Amino acid sequence: MIADKPRQIGLAAWDARYRAVQRAGHTQPAYGGPLRRHLADGDLRLRSLRYDNSAAALDLWNFLLTEEARLHAARASGKIIVGAMKDLGTVPVMAYALPNVVAFYPDGAWWIPCVMELCDDALSAADALGVDESFCPVRAMLGAFVNGDHFPIPDLLTCSVGATCDDFSAIAQRVEGLGHPIVWWEIPHRRPPEAGEAAVTLPGGCVAPVSQVAVVRLELERVRQALAKGVGLKLTEQKLRAGIAFANRVRRCLAELRRLSFTAPVCPLPALELLIAEMLAIHYCSDRDETLRVLTGLLREVRRRVRAGVGHFDPAAPRIFWVNPVADLRAMNLLEQVGGRLCGTEYLFLHALDEIPTDLPPMEALARMALADPMVGSAQERAERICREVVRFGAQAVVISRIPGASHCASEGSVIAGQVRQKLGLPVVEIEVPPMMDALRETLRTRLAALVETVKESQP
Amino acid sequence: MRREHRANRDIVYSSPCVPPEWIAAHGLRPCRLIPGRATAESPIPATSGICPFLRAFVNEACHRRNTAGVVLVTVCDQMRRAPDLLAATRQTPFHLFNLPSTWQTPAARRIYRTELERLGAFLVACGGTTPSRAELVHALTTAERQRDAIHAAPLGPSDGIPVALLGGPLLAHDREMVRLIAACGGRVVLDGTEQGVRAQPARFRPARTQRDPLGELTRAYFETIPDVFQRPNTRLYEWLLQHVAVTGVRGVVLLRQLWCDKWHAEVQRLREALAGVPLLDLDLDGNGVTPRYRTRLQAFLEGLQ
């Protein structure tokens with residue numbers, strides 16, 4: 001471990017830093033190496049980002065940026081590849097419970113246009129299929145299925161449908177229309193229980209009717225059977241319990257990472273690395289064991305910094321809660337460049353960060369977790385949880401980052417903003433971040449800076 | 001008797017997956033609302049990204065007189081989220097009907113049937129009465145007779161180039177498109193919109209209706225109406241290709257509401273599936289049939305001559 005002062009550095013500075021990390025004896029994984037090498041893969045956005053300078057962050061970035069190679073290696077070694085679409089943390093838990101399976105998240109292709117600065121043809125391939133820019137950037141996934149440049153075509157595709165966004169449902173249907181069969185599983189809109197109806201409290205605190213949990217459990221049973229058939233092995237209760245136990249180890253690690261990062265007096269880890277860390281937890285970035293190792297390394301570094309009282313930014317930096325993931329990673333840097341500090345997030349999948357109950361039959365536990373997805377319930381419920389998290393982490397303002405073209409973003413932002421203002425009296429700003437925000441950078445900077453200034457003005 | 005007159009008896013809905021027989025059997029009046037231009041600004045103001053049909057439907061339903069309740073159906077993400085926008089104006093009771101997107105499994109059918117029962121509870125809360133089996137059977141047979149009478153009526157003129165309409169829900173003034181097509185030399189012989197023949201339920205089977213009327217409602221509405229939101233949406237394509245062949249349609253006019261991803265994403269696939277039958281894709285912005293539609297329709301129909 002190298003114990004230099006935490007700083008954010010650019011790609012050029014990482015060259016020198018990489019040599020220092022090597023000299024300090026940091027043991028890199030097989031996918032390690034200097035960050036700059038990813039430019040050769042077309043990951044041009046790396047030139048514009050600011051990175052944490054720790055060895056743990058280096059591992060995080062290298063792990064993220066080598067996922068495609070990992071998937072192709074898995075295919076070459078005969079592993080079964082499962083594409084878990086519109087699935088935030090459920091099917092991967094089941095899939096990785098089986099041996100010889102690699103599950104991944106094809107939706108993650110939505111960052112391709114950003115990372116490759118629109119130089120890849122994923123979006124133009126989607127355009128050619130009539131799925132144009134009026135859709136959410138996840139349309140890049142459709143292009144990735146067409147051009148085959150990013151991930152191998154999965155052996156098994158699953159997709160949740162029902163209470164999901166229209167963009168994704170429409171795009172997944174187009175994927176199936178291209179000749180890739182999908183196991184569709186129904187996730188119903190989570191509703192409040194009727195008077196006198198049997199109900200359960202879900203992970204995260206929402207309440208749902210028992211009958212809805214039963215529906216999801218049956219649907220996940222279909223997925224379970226499809227997985228078992230695909231692999232040729234039974235997905236037993238014992239295997240599922242082991243899969244859930246592993247998922248909970250990852251989630252506990254991430255929970256501690258978030259808690260420390262959001263509450264430490266000095267920020268120990270910047271927003272960008274935290275965003276990536278959260279994303280790893282929902283689908284394991286095609287390697288479950290390595291996900292835990294990378295997150296554990298980050299947590300170790302964060303603990304060290306907290307103990308030493310060192311970190312990033314002004315300790316008095318306004319504490320900002322962020323809602324929704326951004327299509328352009330650079331936006332997370334921008335928040336910090338205008339003087340803010342990330343103190344809480346809701347990237348559409350808080351349920352996938354909650355521990356999965358272990359005192360229940362595994363399929364019941366997974367069904368409850370899936371139904372706790374903030375996106376399958378009302379925006380009011382999502383806003384309530386956001387408010388609880390804002391209070392928990394002591395955030396002083398909220399950024400709602402709309403996803404361009406996303407069906408849910410037309411209405412839910414105003415609901416969330418309304419609740420935050422009404423219940424907490426905190427300032428809120430809504431922004432929209434496209435896959436390449438360069439043309440809007442000054443506008444976004446102004447809006448974020450205004451929010452930060454508003455918080456500063458209100459401080460005694 | 002439970003059929004006494006009440007001031008507010010109308011149950012307003014828009015989705016063809018809501019069986020009006022079920023509402024009528026509860027002693028309430030089913031009102032399938034085809035909204036006009038969205039003139040009311042509340043509870044949903046004009047907002048970028050909001051479906052014009054959703055806005056017009058919700059705003060008109062909320063300002064309509066004699067409404068006992070509004071039924072919203074989860075056919076799309078925006079309709080599913082409409083209750084969020086109604087939260088501030090809960091003057092009119094509303095019910096969110098959870099319509100499954102999957103349809104090939106027994107579980108999906110069970111969900112639909114359970115949702116009918118839940119809708120029944122809502123109807124009772126709106127002043128209706130739980131029907132006996134005999135009352136439900138009567139409602140089913142009456143509704144079927146009425147549907148038969150309505151669909152015997154022709155759609156438009158008897159000459160002109162045969163075209164089909166396809167798409168989701170239309171506002172009242174969007175129906176002007178039928179007249180415009182006729183004016184341009186066409187003739188609508190197949191209505192595949194959400195308010196047309198595509199969205200009609202299957203005929204009830206008499207013996208099954210007597211034995212299990214709720215089960216028959218489920219079969220007729222859930223298991224047969226093809227729609228774009230279903231996963232997979234193969235039934236829609238099967239229906240379309242079969243009816244295009246039978247009716248001798250020479251062109252298809254797709255009418256989709258602006259921001260409707262589910263229809264929008266299918267445009268190119270529909271073109272490929274229709275193989276040789278041209279498709280004109282028109283997005284509707286809630287402002288009615290404006291001159292731009294006339295120009296495009298004229299060109300389209302000229303091309304078909």
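**View 1. Buried residues of helix 15 in chain A.** A:A379, A:E381, A:R382, A:A383, A:I386, A:E389 and A:V390 of helix 15 in chain A are buried, meaning that 20 or more other C-beta atoms, placed from the backbone, lie within 10 Å of the residue's own. This is a predicted model, in which local features need pLDDT of at least 70, side-chain atom pairs count only at pLDDT 80 or more, and totals for chains, interfaces and linings use all residues. Residues are numbered from 1 along each chain as its sequence is written, while chains are lettered from A and ligands numbered from 1 in the order in which they are written. Helices (H or I, at least four residues) and strands (E, at least two) are DSSP runs, numbered from the N terminus. The buried residues of helix 15 pack against strand 9 (319–323), strand 10, strand 11 and helix 16 of chain A, together with helix 3 (77–86) of chain B; a contact here is a pair of C-beta atoms, placed from the backbone, within 7 Å.

**View 2. Helix 15 of chain A from end to end.** With 15 residues, helix 15 of chain A reaches 21 Å from its first C-alpha to its last, close to the expected 21 Å. That expectation is 1.5 Å times one less than the number of residues. After helix 15 comes A:G394, with a positive phi near 65°.

**View 3. An open parallel sheet in chain A.** Four strands pair in parallel in the order 10-9-11-12; pairing takes at least two DSSP bridges between two strands. Strand 10 (341–346) and strand 12 (428–432) are at the edges with a single partner strand each, so one side of each has no neighbour in the sheet. On average, neighbouring strands are turned by 25° against each other, direction ignored.

**View 4. Strands 11 and 12 of chain A, with helix 17.** Strand 11 (residues 397–402) and strand 12 run parallel and are joined by five bridges. Look for A:V399, which stands opposite A:V429 in strand 12. Helix 17 (residues 441–458) packs on the sheet, touching strand 11 and strand 12, and its direction makes about 160° with that of strand 11. Axes are lines fitted to C-alpha atoms, for helices over the stretch in contact, with angles from 0 to 180 degrees between N-to-C directions.

**View 5. Where chain A touches chain B.** The contact takes 38 residues from chain A and 33 residues from chain B. Helix 8 of chain A gives the most to chain A's side, with nine residues.

Technical notes. Contact = placed C-beta atoms within 7 Å. Buried ≥ 20, exposed ≤ 12 C-beta atoms within 10 Å, placed from the backbone.
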